[in-house]
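Welcome! Have a look at the model first, and then read on.

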Amino acid sequence: MSEYPVTDELPDAPFHTTGVDHITMIGSNEEDTIEFYRDLLGMPLVLRQPNLDDPSQTHLFFDAGDGRILTFFVNEDRDSNAQPHRNRVGSVHHISVSIDPHEFETVMESLEDAGHGFNVFDRGVFHSLYTRDHNGLVIELATDKYEIPDDRRAEVLAKTQEIREADGSDYAEAEHLEEALEALGLDAEPVELPDAPTGAGV
């Protein structure tokens, strides 16, 4: 067992962050980036300006849906077929954004209509749909199995971890999540999602 405890309590640190402000990635060109993130995933393009550190690039800002921002440095000289370096230390393996569970089927149909392949997995405590953007970056579209208040998610996951460890399971399963919700007195409503395998990633 790891010596580092899993808990939602604030660590003993000189300061604490207050949330994710934005994540910036190196994109291809403006047209393809906007087509995927705005026109397919439905993220509003909320700001466009030069990259202040390199004005030869354009800096695109997209609202991921909750005011949190994804941004891309793009350049018209870049094509959209470059493969990301997933397995290098410091590289991005994938990014995950949340979707409304009631739109899960619509999301699958929309990706299929747009020619984007995908896999759907039951990850125990949530459901995930994996696809790739126009640059080959893995995009996870995740949805909770229960309608958990955002300000309680960390607490619920930490309690789920505690129950999983006590159960001796290799990973968190739906029953651990359900037990955590009950232990925390959260009357969260389950949502209906399609059956899917546990999966081994993409």
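## Charged pairs and a helix face

Glutamate 162 and lysine 159 form a salt bridge, with 3.3 Å between the closest N and O atoms. A salt bridge here is a side-chain nitrogen of Lys or Arg within 4 Å of a carboxyl oxygen of Asp or Glu. The two residues are three apart in helix α3, so about one helical turn separates them. As a rule, an α-helix has 3.6 residues a turn, so residues three or four places apart point the same way. Helices (H or I, at least four residues) and strands (E, at least two) are DSSP runs, numbered from the N terminus.

Before going further, please note that this is a predicted model, in which local features need pLDDT of at least 70, side-chain atom pairs count only at pLDDT 80 or more, and totals for chains, interfaces and linings use all residues. Residues are numbered from 1 along each chain as its sequence is written, and side-chain values use heavy atoms, with hydrogens and water left out.

How many salt bridges does the structure hold? There are six, among them the pairs in this table.

| Aspartate 122 | Lysine 145 | 2.6 Å |

Lysine 145 counts as buried because its relative accessibility is 11%. Glutamate 155, at 24%, counts as partly exposed, and so does arginine 152, at 23%. Glutamate 162 is partly exposed at 46% relative accessibility, and lysine 159 is partly exposed at 22%.

Now to helix α4 (residues 174-183), whose buried residues are His176, Leu177, Ala180 and Leu181. Viewed down the helix axis, these buried residues fall within an arc of 135°, so they line one face of α4. That arc is taken from the directions from the helix axis to the C-beta atoms. What do the buried residues of α4 pack against? Their partner is α3, where contact means heavy atoms within 4.5 Å. On the other side of α4, Glu182 and Ala183 are exposed. Just after α4 comes glycine 185, which takes a positive phi of about 70°.

Definitions and conventions: Buried < 20%, exposed > 50% of the residue type's maximum accessible area, 1.4 Å probe, protein only.
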